[in-house]
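Please examine the sequence and the model shown below. The paragraphs that follow lead through a surface patch and a helix pairing.

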Amino acid sequence: MTKKGAWRIYDPFLWLGIPYAYFLFAIVRAQVRGLIPGTQSRYPYEFIDIDRYGWEEVGVHVVKLTLIFLLIGSLYVCIDHLFAKVVGNDSRNHMYTYF
C-alpha cells in the first residue's frame, strides 16, 4: 500500500531487480543441480532454457521481458500520478492505491 503519487519515474527500473535476481538464481541452479525432477530440462521455464535455445536467444527473451516489465511498471507509475492529481495528495486525504 502506497500513498498516491509516491512512485517515481525510475521505480520500474528498481523493480526489475527481483526478476533479474530470479533469472540469475535459475541459471546458477541449472548449472549446479542438473535436471528438475519430473522434467527433461534443467531450467524452470522454457524461455530461459539455454540448452535448447542458446545464450543469444535467451538473451533476446530477457530483453523482451525487460521491455514488457518496464512498460507495465511505467504504466503503473503514470496511473499512480494520475490518481494523485485527480484525487489530491494532501495529508487529510488517506485514500491509498493498491497494486
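**A nonpolar patch and a helix pair**

Tyrosine 10 lies in the loop that links strand E1 (2-3) to helix H1. In this predicted model, Tyr10 belongs to a nonpolar surface patch of about 920 Å². At least two residues of the patch are supplied by each of helix H1 (11-15) and H3. H3 provides the largest share, four residues.

Helix H3 also takes part in a helix pairing. The axis of H3 (residues 50-87) comes within 12 Å of that of helix H2 (residues 17-33), and the two cross at roughly 170°. Angles over 145 degrees count as roughly antiparallel, and H2 is therefore roughly antiparallel to H3. On the H2 side, the contact is made by Pro19, Tyr20, Phe23 and Ile27; on the H3 side, by Ile50, Trp55, Val58, Val62, Thr66 and Phe69. Of these contact residues, nine are nonpolar, one is polar and none is charged.

Key
Residues are numbered from 1 along each chain as its sequence is written. This is a predicted model: local features need pLDDT of at least 70, side-chain atom pairs count only at pLDDT 80 or more; totals for chains, interfaces and linings use all residues. Side-chain values use heavy atoms; hydrogens and water are left out. Axes are lines fitted to C-alpha atoms, for helices over the stretch in contact, and angles run from 0 to 180 degrees between N-to-C directions. Angles under 35 degrees count as roughly parallel, over 145 as roughly antiparallel, 65 to 115 as roughly perpendicular and the rest as oblique. Contact means heavy atoms within 4.5 Å. Ala, Val, Leu, Ile, Met, Phe, Trp, Tyr, Cys and Pro count as nonpolar, Asp, Glu, Lys and Arg as charged, and the others, Gly among them, as polar. Patches are made of residues with over 30% relative accessible area and no salt bridge: like charges are joined within 9 Å, nonpolar side chains (Val, Leu, Ile, Met, Phe, Trp, Tyr) within 5 Å. Accessible areas come from the Shrake-Rupley method with a 1.4 Å probe; for residues, only the protein chains shown count as cover. A salt bridge is a side-chain nitrogen of Lys or Arg within 4 Å of a carboxyl oxygen of Asp or Glu.
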